[in-house]
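Let's walk through this structure together, starting with a group of aromatic rings and moving on to a helix.

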Amino acid sequence: SLQHLLKHGREATQRWRIQHPAFWTAFFERLGKLKDQVNVREAIQVLQISATLRLVDVELVLASVETLLTAEDEDLLDLPQRDLAEAAEALAVIRPEGMNVVLRVLATRAHRLRAAQFVKVLSLASQAKSSESHALADAFCRALVERQDASSEDLTFAAETTAQLVPKGLYRLEP
């Protein structure tokens, strides 16, 4: 099934770090036969797997990017923030301009992000020069300040990461 194949692919990239071309050729061949079943959640998994590989099926990867970028807002809002953060990370590698869609949704859930997730995603968004970087930074910093249990370390990381957007023109400091 599609779920088993994607689980196997994620394990192969994350746990075993397989780069053997024959393995991935067979993987993408099987995935190609199931591509009609790929929804938004599976498209994110395909992108996560592909982002770490040297050999990919470009057609399947582009189809997964398209599935994600054309998804209804409700479908994206149903996804856990961890999946959205991982999608942003994969898009930073595969198609940086596609990060805006995911960053907009993450900004609505900034209060649920851990500081480490925020720093990683915002750093990648900054490198990709994403125009939605400021929205995520504003939402997360506001949510972090509103938390009663935010550590000084988290506040520092958030402030430093947000400050890195200013020289790139991705964040304006208001007087």
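In which helix do W24 and F27 both lie? They both lie in helix 2 (residues 21-33), three residues apart, about one turn of the helix; helices here are DSSP runs of H or I with at least four residues, numbered from the N terminus. This is a predicted model, in which local features need pLDDT of at least 70 and side-chain atom pairs count only at pLDDT 80 or more, while totals for chains, interfaces and linings use all residues. Residues are numbered from 1 along each chain as its sequence is written, and side-chain values use heavy atoms, with hydrogens and water left out.

W24 counts as buried at 1% relative accessibility, and F27 is buried too, with a relative accessible area of 4% (buried means under 20% relative accessible area, exposed over 50%, partly exposed in between, with a 1.4 Å probe and protein chains only). The rings of F27 and F28 have centres 5.2 Å apart and planes at 80°, so this pair is edge-to-face (rings of Phe, Tyr and Trp, the last by its six-membered ring, pair if their centres lie within 6.5 Å; planes under 30 degrees apart are stacked, over 60 edge-to-face and the rest tilted). F23, W24, F27 and F28 form one aromatic cluster.

Now look at helix 8 (residues 115-127). Its buried residues are A115, Q117, F118, V121, L122, A125 and S126. They cover an arc of only 155° around the axis, which puts them on the same side of helix 8; the arc is that of the directions from the helix axis to the C-beta atoms. The face turned away from this buried side carries the exposed residues A116 and Q127. Just after helix 8, K129 takes a positive phi of about 55°.

Methods. Helices (H or I, at least four residues) and strands (E, at least two) are DSSP runs, numbered from the N terminus.
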